[in-house]
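Welcome! Take a moment to look over the chain below, and then we can walk through it together.

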Amino acid sequence: MQSFVHECAVAAKRDHLEFLLEVMGEPRWLEPGNVASLNTGRAAAVIKLAAEKAGWGRTLAKGHGLGLAFHFSHAGHFAEVAEVSVDANRRLTVHRVTVAGDIGPIVNFSGAENQVEGCVVDGFSTAMGLALSIENGRVAEKNFDRYPMLRIPNAPKVDVHFIQSDFTPTGVGEPALPPVAPAICNAIFAATGHRV
């Protein structure tokens, strides 16, 4: 969905950040009081914060690009900007992922930050084709040597920023994962003009 929004922005010849904020419209809570309902004001705030912290709009070297994505799930509002490069051999490097989230008040900042970093690593791994094989009704991969999660040398730098809002606190273990793949894919398009 977030890559489609980017396609719409490109087709409209608009900056993706401006387009996405316009799509969010005026700040409103779609179902006031329902934490499982999108709050466009919170969404816009994390989108703006992620873009600001990532340096959205800055000039990048040839073959480099920034990609933006937003996701709302488990009552968490998250935006991410991926900075990538693609070389002449079409080899992808994800240099940095800047994350902004609003999950209400955070008591254990270190734990929340670690959860988000884990979401980025898992989301990047999944985007690059992480899969399990089922043989005779059982998972074939028995350990991490056969389940190729992203390893430390290939992991991007992850910058995590939270908005400490007064809304009801929510979980952080999952909502930062979904925007990883579209942020990377949108950045690949920005770097190469090739849509994934």
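This is a predicted model: local features need pLDDT of at least 70, side-chain atom pairs count only at pLDDT 80 or more; totals for chains, interfaces and linings use all residues.

Let us begin with helix H1, which spans residues 2–11. Five of its residues, Gln2, Ser3, Val5, His6 and Ala9, are buried. They sit on the same side of H1, because the arc they cover around the axis is only 155°. Phe4 and Ala11, on the other side of H1, are exposed. Among the elements covering the buried residues of H1 are helix H2 (16–24), strand E1 (64–73) and helix H5 (180–192). Just after H1 comes Lys13, with a positive phi of about 55°.

Now to the interior. In soluble globular proteins, nonpolar side chains tend to be buried together. Here, the largest nonpolar core has 27 residues. Inside this core, Phe78, Val84, Val116, Phe162 and Ile184 have the most contacts. Two or more residues of this core come from each of strand E2 (76–86), strand E3 (92–102), helix H4 (109–127), strand E6 (157–162) and H5. H5 gives the largest share, six residues.

Which residues is Ile184 in contact with, leaving aside its neighbours within four places in sequence? They are Ala82, Val84, Leu92, Val94 and Phe124.

There is also a second, separate core, with Ile47, Leu49, Ala50 and Leu68 among its members.

| Core | Number of residues | Residues named |
|---|---|---|
| Largest nonpolar core | 27 residues | including Phe78, Val84, Val116, Phe162 and Ile184 |
| Second, separate core | 19 residues | including Ile47, Leu49, Ala50 and Leu68 |

Definitions and conventions: Residues are numbered from 1 along each chain as its sequence is written. Side-chain values use heavy atoms; hydrogens and water are left out. Buried means under 20% relative accessible area, exposed over 50%, partly exposed in between (1.4 Å probe, protein chains only). Helices (H or I, at least four residues) and strands (E, at least two) are DSSP runs, numbered from the N terminus. The arc is that of the directions from the helix axis to the C-beta atoms. Contact means heavy atoms within 4.5 Å. A nonpolar core is a set of buried Ala, Val, Leu, Ile, Met, Phe, Trp, Tyr and Cys residues joined through side-chain atoms within 4.5 Å.
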